[in-house]
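Please look through the sequence and the model below before reading on.

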Amino acid sequence: MNISFTFKNFEPSDHLKGYAEKRFEKVAKYVSDAEADLQVNLLVDKFRHKADVILNSDRIHISAYEDSEDMYSTIDMVLDKLEAQLRKMREKMKNRPRQARPNKMVQMNYLSFEDGSGSAPTIVGTDAYEPKPMSVDEAAMQLDALDNEFLVFRNSETEGVNVIYKRKNGDYGLIDPGN
């Protein structure tokens, strides 16, 4: 992340420059884009110390503004405001895929084969349910616990509907349609 500072209407001390650099480096933990730009404008207007911060990256464009009578406290306040906006934005992005995807229902049909008659298989039962989100390991343990031949579940990592089944040699097979 590129951080640039602009000081207007005052000559900053080395301590203030170091303090500002150290404080604004914390913003990098919220931004994954290495090409992100953080522009920090610090200015003194009569007795007011002002800070205006603009963060630009490929998916983020936010700004924050604060003023007070002390430049150090102005830097702390504008950084708190910027971090709060970044946390809120990160939470929104975390929740977005789950909100956008509706729950999928799975319909299962049971086929029955008659031995030796050569007739076509017939559907003898139907079941519809909402698959539970779980990891592949949890699904394997659930399959063992239920003593079924297969289990339909929602993969918690990919959010897709998967099927895990027991193979003839005792191992497990996984069907992932790769939504």
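Is Asp-144 buried, partly exposed or exposed? With a relative accessibility of 45%, Asp-144 counts as partly exposed (buried is under 20% relative accessible area, exposed over 50%, partly exposed in between, with a 1.4 Å probe and protein chains only).

The model is predicted: local features need pLDDT of at least 70, side-chain atom pairs count only at pLDDT 80 or more, and totals for chains, interfaces and linings use all residues. Residues are numbered from 1 along each chain as its sequence is written, and side-chain values use heavy atoms, without hydrogens and water.

Five salt bridges occur in the structure (a side-chain nitrogen of Lys or Arg within 4 Å of a carboxyl oxygen of Asp or Glu). The table gives three of them, including the pair Lys-166 and Asp-144.

| Pair | Closest N and O atoms |
|---|---|
| Asp-76 and Arg-23 | 3.0 Å |
| Asp-45 and Lys-50 | 3.3 Å |
| Lys-166 and Asp-144 | 3.9 Å |

Asp-76 lies in helix H2 and Arg-23 in helix H1 (residues 14-24), so this pair ties together parts that are 53 residues apart in sequence. Helices (H or I, at least four residues) and strands (E, at least two) are DSSP runs, numbered from the N terminus. Asp-76 is partly exposed at 23%. Asp-45 is also partly exposed, at 36%, while Lys-50 is buried at 18%.

Strands S3 (residues 48-56) and S4 run antiparallel, joined by eight bridges (strands pair if DSSP finds at least two bridges between them). Four residues separate the two strands in a hairpin, and His-49 stands opposite Ser-68 in S4. The covered face of S4 (residues 61-68) includes Ser-68, and its uncovered face includes Tyr-65.
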